[in-house]
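I opened this notebook to record what I looked up in one protein structure. The entries below follow the order in which I consulted it.

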Amino acid sequence: KTMFTAKRSMQNIRNVAIVGSGLMGSGIAQISASSGFNVTLIDVKKEVLERAMKSINSSLKRVAKKQSGGGAVNSDFASLSMARIKTSENVSSAVADADLIIEAAVENIDLKKGLFAQIEQASKPTAILATNTSSLRLENICKAIDDKTRFAGLHFFNPVPVMKLLEVVRTEETSDETYATLIKFGKAIGKTTVSCKDSPGFIVNRLLIPYCFEAVRMYEREDASMTDIDSAMKLGAGYPMGPFELMDYVGLDTLKFVMDGWVAEYPDNPLFAASPLLDALVSEGKLGRKTGEGFYSYK
Ligand code: CAA
Ligand code: NAD
């Protein structure tokens, strides 16, 4: 164990593998590639990977335009970053040469445990394994991992290229070397890091998600309309998006996974309660912006 951790502390991260290439995985791939890392983006379907590469390309162009400050746009920025990203539909072969593996698949404990068992088997023993979970306890996810010293939470925010925060979360078993390397990686991709105990929702989601569900309850009680609640929080509290806009942006399926998990694990906490309206929208396939409709329509 001492030999592995010592070796890991000296190892620089060069190759990053990202498992799951939806909203978050594609953003994490983008920021890693534009910061100079070699990236392999993994998903179960070819179409999803193609969609991810397209959205990364247009997001990189947006960043290049922003960096130009109205002057000449550096067209190499997007193409050089894109050239650092490979795609794969095979988790085991794609993680084999990675120094850091970030899991950003759907928010489901059994799926994540299964993925990490497979990732640990297929990866180098010195590779760091991180999860982008929004709400699950790391302690539960890492039950499937033998060497827990190399596992931690790396929680990004949507849209990844814009949001400056990265929550770096360690368990009692995460080694100091793993933790320090992840903080260093966060700095290398231009993020400000904060730390938090392995607790439900870490810092941001523990505050933000109960607030969003409370907004749905306010609407369900007919205290105010959705648009008035959104306007109120934007104009009265300075939030860039109102709670309904934000929920549509995050994805209603992701929010449902989060709340269902919390309700099951902490049934007596009044801050955690499912929403019949949100459940109904998810069952109708209205998942927010990503499907063109959620609380609002984007068609
Ligand atoms: N890629 C690259 N750049 C992007 C981008 C993307 N996907 N999205 C936005 N931008 C850039 C734009 O280019 C623009 O740059 P300039 O201002 O320099 O032109 C800037 O971001 C602002 O974008 P827009 O003008 O299009 O729109 P906006 O001013 O409404 O900002 C927003 C968009 C940044 C998303 C803003 O509305 C916002 O901050 N919303 C709140 C997001 C939030 O709270 N995220 C956290 C969600 S919780 C979470 O992620 C955790 C979880 O586990 C669920
Ligand atoms: P998403 O639905 O956009 O993407 C998830 C992707 O995982 C899909 O493309 C799916 O095909 C893929 N996937 C499912 N099973 C897989 C497997 N076995 N192997 C490889 N890929 C697989 O979801 P998202 O919003 O990107 O969320 C991903 C993770 O990030 C979740 O744990 C979520 O809680 C967390 N998160 C989400 C947000 C947000 O704002 N949406 C923010 C921070 C963290």
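Predicted model: local features only at pLDDT ≥ 70, side-chain atom pairs only at ≥ 80, totals over all residues.

**Entry 1. Domains**

Residues are numbered from 1 along each chain as its sequence is written, while chains are lettered from A and ligands numbered from 1 in the order in which they are written.

I then looked up the contacts: eight residues of domain 1 meet nine residues of domain 2, where contact requires C-beta atoms, placed from the backbone, to lie within 7 Å. The side of domain 1 that touches domain 2 consists of three nonpolar, four polar and one charged residues. For these classes, Ala, Val, Leu, Ile, Met, Phe, Trp, Tyr, Cys and Pro count as nonpolar, Asp, Glu, Lys and Arg as charged, and the others, Gly among them, as polar.

**Entry 2. The sheet**

I looked up the strands next. Helices (H or I, at least four residues) and strands (E, at least two) are DSSP runs, numbered from the N terminus, and two strands pair if DSSP finds at least two bridges between them.

I found an open sheet of eight strands with mixed pairing, in the order β3-β2-β1-β4-β5-β6-β7-β8. Why is one side of β3 (85–88) and of β8 left without a neighbour in the sheet? Both strands stand at the edges and each has a single partner strand, so one side of each has no neighbour there. From one strand to the next, the twist averages 25°; the axes are lines fitted to C-alpha atoms, for helices over the stretch in contact, and angles run from 0 to 180 degrees between N-to-C directions.

I checked two pairs of strands. Strand β1 (residues 15–19) and strand β2 (residues 38–42) are parallel and share five bridges, and Ala-17 has Thr-40 of β2 as its bridge partner. Strand β5 (residues 128–131) also runs parallel to β6, with three bridges between them; here Ala-130 is partnered by Ala-152 in β6.

I then asked how strand β1 is placed. Four of its five residues are buried, so β1 is largely enclosed by the rest of the structure. A residue is buried if 20 or more other C-beta atoms lie within 10 Å of its own, exposed if 12 or fewer, and partly exposed in between, with C-beta atoms placed from the backbone.

**Entry 3. Ligand 1**

I looked up the residues around ligand 1, where a residue is near if its C-beta atom, placed from the backbone, lies within 6 Å. There are 18 of them, and Ser-59, Ser-134, Phe-157, Asn-158 and Pro-240 come nearest. Two or more residues of this shell come from each of α3 (46–68), α9 and α11 (243–250). Helix α3 gives the most, with four residues. The shell around ligand 1 holds twelve nonpolar, four polar and two charged residues.

**Entry 4. Ligand 2**

I counted 27 residues around ligand 2, of which Gly-20, Gly-22, Met-24, Ser-134 and Asn-158 come nearest. Helices α2 (23–34) and α6 (109–122) each supply at least two residues of this shell, and α2 has the largest share, three residues. By class, the shell around ligand 2 has 15 nonpolar, ten polar and two charged residues. Domain 1 and domain 2 each provide at least three residues to it.

**Entry 5. Loops**

I looked up the backbone at Asn-158 and found a cis peptide bond to Pro-159, with omega about 0°. Pro-159 belongs to the loop between β6 (151–155) and β7 (165–169).

Phe-202 is not a glycine, yet its phi is positive, near 50°. It sits in the loop between β8 (192–196) and α9 (204–220). Is Phe-202 buried or exposed? Phe-202 is buried, because 22 other C-beta atoms lie within 10 Å.

Glu-222 likewise has a positive phi, near 65°, and lies in the loop between α9 and α10 (226–237). Glu-222 counts as exposed, because it has 7 C-beta neighbours inside 10 Å.

Definitions and conventions. Contact = placed C-beta atoms within 7 Å. Domains from an automatic or database assignment.
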